[in-house]
Amino acid sequence: MFSSKKKRKRRVEPRFEDGKGRRGAADFAVTADDRAAPPPRRSAKSGPKRRKAAPKKRAGGKRTSRKVAARARGLVGGLVYWGFIGCIWGGIALAGVIAWYGAQLPSASTWAVPDRPPNVKIVSAGGDLITNRGATGGQALGLHEISPYIPKAVVAIEDRRFFSHFGVDPIGLARAMARNVMAGGLVQGGSTLTQQLAKNLFLTPERTIGRKVQEVLLAVWLEHEYSKQQILEMYLNRVYFGAGAYGVESAARRYFGKSARDVSLPEAALLAGLLKAPSRLSPNRDPEAAEGRAQLVLSVMRDQGLVSDSEMTAALAQPKTRASRYWSGAHHYVADAVMEELPELIGKVRRDVIVDTTIDLDLQKAAEAAVRATIAEHGAERNVSQGALVSIDMSGAVRAMVGGADYERSQFDRATEARRQPGSAFKPFVYLAALEQGLTPTSVRNDAPIRIGKWSPENYRGQYHGPVTLETALSKSLNSVAAQLIMETGPANVARTARRMGIESELTANASLSLGTSEVTLFELTAAYLPFATGGYGAEPHVIARVTTLDGEVLYERRADRPRVLAPDLAGMMNRMMTQTVRSGTARAAAFKHPAAGKTGTTQNARDAWFVGYTAHLVTGVWFGNDDGAPMKDVTGGTLPVTTWRAVMQPAHENLPIADLPGYMPFNIIPGPRPERGPAAPVPQAGVPMASGNGSGGFVPPPPDRTMTSSTGGPRPPASVGGSNDGGGRSVLDVILGR
């Protein structure tokens with residue numbers, strides 16, 4: 001019988017034994033280095049404290065150092081990798097920023113350097129520069145025309161790598177950024193000359209990232225389109241140097257009174273130093289700061305080999321620059337008048353032009369000096385703070401014009417803009433109207449107290465002289481006689497006569513007009529005396545003679561226009577009477593070797609003092625007063641205005657021939673009766689000559705106004721001479737002659 005029980009197989013387990021069946025205990029040893037993580041520290045509560053074993057020297061030190069090196073290499077590699085990735089993304093971001101702000105600029109195909117603002121060069125009649133006007137204040141010069149020291153100094157201090165960079169200087173930009181970081185603020189810009197030019201030409205001065213990006217783009221474009229010399233020339237002709245000066249020519253004129261062609265090394269260093277802070281470093285404002293900056297520029301130029309040690313030493317040894325006040329000088333009143341009139345003659349100024357004026361620069365300087373000297377000497381004592389002067393020759397050309405005592409303090413032109421009462425300086429037009437109605441210099445009127453309605457004009461200091469000739473009455477400036485004459489001739493006739501002679505301001509045609517109560521300017525009053533000096537010819541006063549471009553193209557040229565506005569015999573009679581004003585009347589202090597005539601004027605309470613006088617060569621008017629109308633002390637037309645007039649006129653006539661006034665009539669010759677105009681004759685108009693058969697070649701005087709009507713057509717107010725109006729209907733002439 002078979003057994004069902006099978007023999008079970010024995011399972012063989014793996015053993016760690018040596019070949020002799022012995023276990024290898026060392027093979028089971030596990031150290032801390034073989035653990036995946038270090039064992040947790042035993043706390044004090046977990047068991048008794050073990051004694052710290054002495055450190056054992058590892059056998060695997062080399063292996064550990066290799067691992068450290070490998071880890072370092074991995075770290076560096078990671079930094080390089082991520083840095084490369086960062087550069088890629090930074091470049092993409094920068095490209096995006098450039099594209100964003102670049103898209104805000106016009107298309108590059110339309111970029112063009114804008115025209116430089118036009119300059120107006122104003123020169124005297126002799127061709128000397130008076131001043132430059134316009135947005136730049138100076139004409140543009142080629143790089144070859146500018147003093148070589150200027151571009152050297154500017155490049156040295158502003159952009160030493162100008163001739164090597166492409167419009168942007170990475171080295172300079174990095175250096176500027178480092179200095180700004182160290183200083184904790186913006187102390188250096190890092191912009192190149194090309195970037196500065198781009199900003200000045202195309203951009204606003206705001207400091208933003210967008211503007212800086214656009215500045216860089218435009219600078220690169222400029223470098224691509226223009227040569228370095230062209231860029232430097234554009235920069236020097238447009239950059240701001242302070243004190244309103246744009247460009248080196250304007251700056252040189254403003255600070256040194258010379259052209260940029262003639263600037264010396266120390267002057268060039270000063271100009272270059274201004275570019276950092278034009279207003280703060282201006283020699284007008286802070287000469288010491290300007291000089292210190294100039295010395296720094298010289299030092300930089302020497303370090304870069306642009307000047308030698310001897311040149312620098314010589315430059316430092318020169319006296320410090322003391323720039324004069326640019327805006328001082330009465331010639332600026334002339335420049336203002338030119339700039340105001342110029343658009344009317346040539347339209348908008350779109351390119352550089354040269355304006356030839358009629359100004360005699362020597363006479364202009366003498367006139368300014370005389371006005372300022374009078375105020376300096378008598379201003380405080382006599383309470384006078386302002387003065388003005390105008391000189392006009394026989395053609396109407398303005399030879400000198402002073403609009404005030406100090407242009408820098410006040411640009412208001414008192415010669416052409418201030419309207420003041422002329423006082424007795426208006427009387428010649430009253431007397432002229434009387435002569436046109438048949439009176440003569442020897443006609444007699446009674447100088448006595450007079451009453452016209454409610455108005456009672458009085459003579460100066462209340463003095464009266466009884467029966468006097470018109471010649472005496474005008475030379476002594478008797479108010480009562482002037483009032484009588486305007487009532488005889490009619491205020492409207494006097495106003496028309498004054499307008500015909502050149503007065504343009506509005507005149508109130510009433511009796512007080514005879515004493516100059518209607519306001520006028522010194523300029524028009526002086527011009528209105530011109531027909532007396534020319535023998536009856538008028539001429540529009542003018543300052544601009546010609547306007548040309550730099551290429552010589554004539555844009556405007558004045559043509560002579562001298563219409564006859566006064567009959568020659570009337571001019572002669574007026575000259576006879578006003579000569580007596582200088583010989584024995586209120587203007588005796590004006591006399592010098594040339595025959596002269598004129599009329600003084602003083603307004604109420606000495607608020608205005610005038611004298612307009614003339615010779616056969618020149619008419620000059622002078623005014624003194626205060627802008628606020630404050631009364632002066634002991635100042636009349638026969639004092640300060642007359643002495644100032646003589647101080648100007650005497651040297652102006654040194655080289656001129658002595659000549660009698662035109663049409664002057666000796667005292668023993670009385671002209672015959674003048675022909676009267678018929679009722680159908682046309683009314684004279686200002687500046688329009690009239691043909692007539694009387695041989696005068698000019699205006700025919702109106703007939704005597706015997707109706708004694710006023711300008712409004714109504715009856716005139718009764719005139720009382722020397723008492724009440726009890727003449728029983730007698731005229732003023734009847735009263736004087738005792739009829």
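Let's start with serine 328: at 18% relative accessibility, this residue counts as buried, where buried means under 20% relative accessible area, exposed over 50% and partly exposed in between, with a 1.4 Å probe and protein chains only. Serine 328 sits in the loop between helix 10 (309-317) and helix 11 (331-346). Helices here are DSSP runs of H or I with at least four residues, strands are runs of E with at least two, and both are numbered from the N terminus. In sequence, serine 328 and glutamine 411 are 83 residues apart, yet their C-alpha atoms lie 9.9 Å apart in space.

A word on what you are looking at. This is a predicted model, in which local features need pLDDT of at least 70 and side-chain atom pairs count only at pLDDT 80 or more, while totals for chains, interfaces and linings use all residues. Residues are numbered from 1 along each chain as its sequence is written, and side-chain values use heavy atoms, with hydrogens and water left out.

Now the whole chain. We have 21 helices and 14 strands. Of the 739 residues, 47% are buried. Take the contacts, meaning heavy atoms within 4.5 Å, with a separation of 6 or more: residues 24 or more positions apart account for 69% of them. The chain exposes about 38,900 Å², and carbon and sulfur atoms supply 53% of that area; accessible areas come from the Shrake-Rupley method with a 1.4 Å probe, and for residues only the protein chains shown count as cover.

Four of its five residues are buried, so strand 1 is largely enclosed by the rest of the structure. Which strands does it pair with? Pairing means that DSSP finds at least two bridges between two strands. Strand 1 pairs with strand 2 (residues 129-134) in the antiparallel sense, over five bridges, and valine 123 has leucine 129 as its bridge partner in strand 2. The two strands make a hairpin with five residues between them, where glycine 127 takes a positive phi near 90°. Strand 1 also pairs with strand 3, this time in the parallel sense, over four bridges. There, isoleucine 122 stands opposite valine 355 in strand 3.

Follow valine 355 onward, and we find it opposite valine 547 in strand 9. Strand 3 (residues 353-357) and strand 9 (residues 544-549) are joined by five bridges in the antiparallel sense. Strand 9 in turn pairs with strand 10 (residues 554-557), again antiparallel, over three bridges. Strands 9 and 10 form a hairpin with four residues between them, and glycine 552 in the turn has a positive phi of about 95°.

Strand 11 is joined to strand 12 (residues 608-614) by six bridges, and the two run antiparallel. Lysine 599 has valine 612 in strand 12 as its bridge partner.

Let's finish with a helix. How many of the eleven residues of helix 16 (residues 491-501) are buried? The count is nine, so helix 16 is largely enclosed by the rest of the structure. Among those buried are Pro491, Asn493, Arg500 and Met501. The buried residues of helix 16 pack against helix 13 (427-436), helix 15 (479-489), helix 17 (522-528) and helix 18 (530-534). After the helix comes glycine 502, with a positive phi near 140°.
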